[in-house]
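Open the structure in your viewer and keep the selection tool at hand. The tour goes one stop at a time.

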Amino acid sequence: MDWKEISGNWVLVPRNPIGIIHFLGGAFVATAPHLTYRWLLEQLASKGYAIIATPFVNTLDHNAIAKSVLLNFERALERLYDGSTIRKRSLPIYGIGHSMGCKLHLLIGSLLPVERAGNILISFNNYGARDAIPLIEQFNLAAVEFTPSPLETNKLVQERYNVRRNLLLKFTNDTLDQSVALTELLKQRFPEMVTVQTLNGTHTTPLGQDVKWQMGESFTPFDAFGQWFKQEAYRDLNQLKRSILLWLNPLSPP
């Protein structure tokens with residue numbers, strides 16, 4: 001499998017995919033998701049999920065970003081169908097978001113006519129512009145706010161969000177996560193359809209990358225340390241991957 005750029009998206013399609021994932025990353029790392037989230041996305045693709053990762057540049061108008069990323073996703077998907085890269089049009093489509101990407105999936109599911117088999121929301125973040133944009137107060141822009149604001153976003157989710165099945169993932173050492181409040185909103189709309197898990201890690205755990213370790217001709221204590229370091233680095237990432245795959249398909253092998 002190789003990453004391909006299609007209609008402004010980065011796309012990775014395995015043979016005979018069993019599902020489609022629309023991925024949206026965090027605010028400052030979303031411009032190249034095939035690089036910043038490469039390990040996680042390639043692991044999901046290796047298990048049979050077609051990945052359409054849509055880059056975006058953060059602006060104050062999050063409604064406009066949500067509409068734009070959905071349009072780009074749908075254009076890429078239609079091209080994949082037309083070229084028979086994906087033959088079955090009945091595959092389930094899942095949204096996966098990290099940080100701000102969660103907010104965009106929530107807006108898509110609240111404002112736009114989409115059908116999703118479910119959404120996976122990792123480290124949900126819904127801060128206002130004052131807290132999210134560095135130095136905003138120094139430039140006398142205290143009145144600047146995202147559209148919709150945090151309160152408006154919560155109201156939209158509470159009243160209009162239409163994706164019934166949701167997995168919320170949060171990490172033990174993540175001071176930016178706001179999943180608790182979102183969980184309550186979603187459970188009000190869809191009791192029994194919301195799953196919440198707390199995993200070891202930090203807000204940046206999904207950004208973990210492959211650690212290459214080349215051993216010499218003979219195994220040395222230095223190689224042992226290198227293998228231990230790689231195992232530790234991947235422990236939280238692998239737990240994240242397993243949680244996602246198990247929720248997508250409870251019958252999938254570990």
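What covers the buried residues of α4? The cover includes β3 (19–24), α3 (62–82), β5 (93–98), β6 (118–122), α6 (150–160) and α7 (179–189). Contact here means heavy atoms within 4.5 Å. Helices (H or I, at least four residues) and strands (E, at least two) are DSSP runs, numbered from the N terminus.

Before going on, note the ground rules. This is a predicted model, in which local features need pLDDT of at least 70, side-chain atom pairs count only at pLDDT 80 or more, and totals for chains, interfaces and linings use all residues. Residues are numbered from 1 along each chain as its sequence is written, and side-chain values use heavy atoms, with hydrogens and water left out.

**The whole chain**

Show everything. The protein has eight helices and eight strands. Of its 254 residues, 49% count as buried. Buried means under 20% relative accessible area, exposed over 50%, and partly exposed in between (1.4 Å probe, protein chains only). Take the contacts with a separation of 6 or more: residues 24 or more positions apart account for 76% of them.

**Stop one: α4**

Select residues 100–111. This is helix α4, with 12 residues. At 1.5 Å a residue they should span 16 Å, and the end C-alpha atoms are 16 Å apart, which agrees. The expected span is 1.5 Å times one less than the number of residues. Now colour by burial. In α4, 11 of the 12 residues are buried, so the helix is largely enclosed by the rest of the structure. Among them are M100, C102, L106 and I108.

**Stop two: α3 against α4**

Two packed helices are described by the angle between their axes and the distance between the axes. The axes of α3 and α4 come within 9 Å and cross at roughly 80 degrees. That makes α3 roughly perpendicular to α4. Axes are lines fitted to C-alpha atoms, for helices over the stretch in contact, and angles run from 0 to 180 degrees between N-to-C directions. Angles under 35 degrees count as roughly parallel, over 145 as roughly antiparallel, 65 to 115 as roughly perpendicular and the rest as oblique. On α3, pick H62, N63, I65, A66, V69 and L70. They face M100, K103, L104, L107, I108 and L111 of α4. This contact has nine nonpolar residues, two polar and one charged. Ala, Val, Leu, Ile, Met, Phe, Trp, Tyr, Cys and Pro count as nonpolar, Asp, Glu, Lys and Arg as charged, and the others, Gly among them, as polar.

**Stop three: α6 against α4**

The axes of α4 and α6 come within 9 Å and cross at roughly 45 degrees. The two helices are therefore oblique to each other. Look for K103, L106, L107, G109, S110 and L111 in α4. They meet T153, L156, V157 and R160 in α6. Five of the residues in this contact are nonpolar, three polar and two charged.

**Stop four: α6 against α7**

N154, V157, Q158, E159 and R160 in α6 meet L182, L185, L186, Q188 and R189 in α7. By class, the contact has four nonpolar, three polar and three charged residues.

**Last stop: T172**

Select T172, in strand β7 (residues 166–173). Is T172 buried or exposed? At 53% relative accessibility, T172 counts as exposed. Leaving aside neighbours within four places in sequence, T172 touches T198, L199, N200 and G201. Then find H203: T172 and H203 are 31 residues apart in sequence and 9.0 Å apart in space, C-alpha to C-alpha.
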